[in-house]
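The sequence and structure are shown first.

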Amino acid sequence: MDSLQDILLKKDFCRDDIISMLSARGHEQTLLFEKAAEVKKNTIGNFVYFRGLVEFSNVCGKDCLYCGIRSSNEKVQRYNITDEAILEAASFATDNGFASIVLQSGELETSNFTSRVTRLLEKIHKLTQNKLRVTLSCGEQTENVYKDWFNAGAQRYLLRLESSNKKIYEKIHPINELHRFEKRLEALHALRRVGYQVGTGVMIGLPFQTEADLADDLIFMRDFGIDMVGMGPYLEHTETPLYQYRNLLWSLNDRFHMGLKMIAVLRILMPEINIAAATALQAIDKLGREKAIKVGANVIMPNITPGNNRDNYLLYQNKPCTDDSPEDCKNCLEVRVALSGNEIAYNQWGDSRFFQNRLK
Ligand code: SAH
């Protein structure tokens with residue numbers, strides 16, 4: 001077997017190489033992180049793009065076995081942020097040079113919901129004079145809905161596959177039509193056909209998941225030709241069925257480091273895509289997102305969800321920054337990004353360079 005040093009010199013990586021990279025520890029892990037940092041610096045540069053995250057509703061029709069806002073969790077107080085408040089958040093983002101926002105919510109396929117999102121997109125672009133890139137993260141929808149939203153001005157879409165391994169997917173979701181692996185995968189293809197910059201991601205350190213499974217997740221992203229990725233550690237939530245398997249989990253520290261290694265390896269495999277520093281990393285380590293930036297991530301999503309609703313969007317527990325005001329979040333990030341040797345690129349859309357090249 002090749003040593004990690006030899007592997008890092010390669011241009012093409014086989015599955016075993018990727019597993020070796022993900023298994024790196026100690027000095028080898030440092031070498032991996034340095035390589036990823038170098039690849040980032042030499043291709044897309046040491047810039048970080050902000051996407052203001054608005055979690056506009058936690059009403060969800062799905063019942064994913066890991067997620068704190070699953071429909072069966074009756075302890076969650078459900079909310080829908082008003083259009084006015086969402087527009088205010090969009091203005092805040094524009095005024096502060098964020099240039100992009102992400103609208104995220106639970107998953108609903110009702111026409112009430114889908115037409116509301118269309119209306120919102122139109123209002124946001126009107127108010128901000130088309131200055132904002134808008135990413136949607138509103139789950140699986142029909143191709144026609146994706147088209148409507150695209151035509152109303154959504155340019156990017158985030159839909160995590162959660163795991164590219166069907167067996168794992170079925171262990172962490174109810175087995176029924178609403179949670180079908182093939183349907184989620186097909187939704188990613190539909191998004192690409194419509195013309196979005198397509199983002200996906202997985203959870204890292206799920207029960208039953210191995211390093212080889214995670215290597216396969218990265219290979220899936222590479223072979224699909226994904227434009228953007230957001231992936232982070234799985235964090236158990238007491239009010240979910242998956243909590244029963246907490247004894248099978250890697251330590252938080254191992255999940256955290258695997259999160260960083262996944263980002264580093266993906267940066268090496270796909271130098272020109274956008275990779276987000278997941279908030280879940282920060283839930284484990286206060287400087288988690290900045291560490292992710294250091295090893296290859298180039299996107300941070302400051303939470304700009306208006307006020308007191310954040311406590312009700314607890315996908316996992318100990319979610320950071322739920323009690324900050326948007327301004328606080330921005331200020332703390334600015335200092336930390338500078339510490340990681342990167343620069344925040346204000347007023348720039350920061351489209352995925354991989355996507356731009358794909359269109360040529
Ligand atoms: N409903 C939308 C997006 C909302 S949730 C959709 O499905 O596209 C955003 C992401 O949070 C999910 O895709 C999932 O990967 C992550 N998430 C949910 N529960 C989590 C948990 N317990 N630990 C870590 N990440 C979790």
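A polar contact is a pair of N or O atoms within 3.5 Å; within protein, one must be able to donate a hydrogen and the other to accept it, and residues adjacent in sequence count only if both atoms are side-chain atoms. The model is predicted: local features need pLDDT of at least 70, side-chain atom pairs count only at pLDDT 80 or more, and totals for chains, interfaces and linings use all residues. Residues are numbered from 1 along each chain as its sequence is written, and side-chain values use heavy atoms, without hydrogens and water.

Backbone N or O atoms approach nitrogen atoms of the ligand as follows.

| Residue | Distance to a ligand nitrogen atom |
|---|---|
| Leucine 235 | 2.8 Å |
| Tyrosine 66 | 3.0 Å |
| Leucine 315 | 3.5 Å |

The protein buries 93% of the 550 Å² that the ligand exposes when taken alone (Shrake-Rupley method, 1.4 Å probe). Among the 18 residues around the ligand, those that come nearest are Tyr66, Glu107, Arg160, Glu162 and Leu235 (a heavy atom within 4 Å counts as near).

Aspartate 63 lies in the loop between strand 2 (52–57) and helix 4 (83–95) (DSSP runs, at least two residues for strands in E and at least four for helices in H or I). Aspartate 63 counts as buried because its relative accessibility is 16% (buried is under 20%, exposed over 50%, partly exposed in between, with a 1.4 Å probe and protein chains only). A polar atom of its side chain lies 3.4 Å from the backbone nitrogen of serine 71.

Alanine 264, in helix 10 (residues 252–269), is buried because its relative accessibility is 0%. Alanine 264 and alanine 36 are 228 residues apart in sequence, yet 5.1 Å apart in space, C-alpha to C-alpha.
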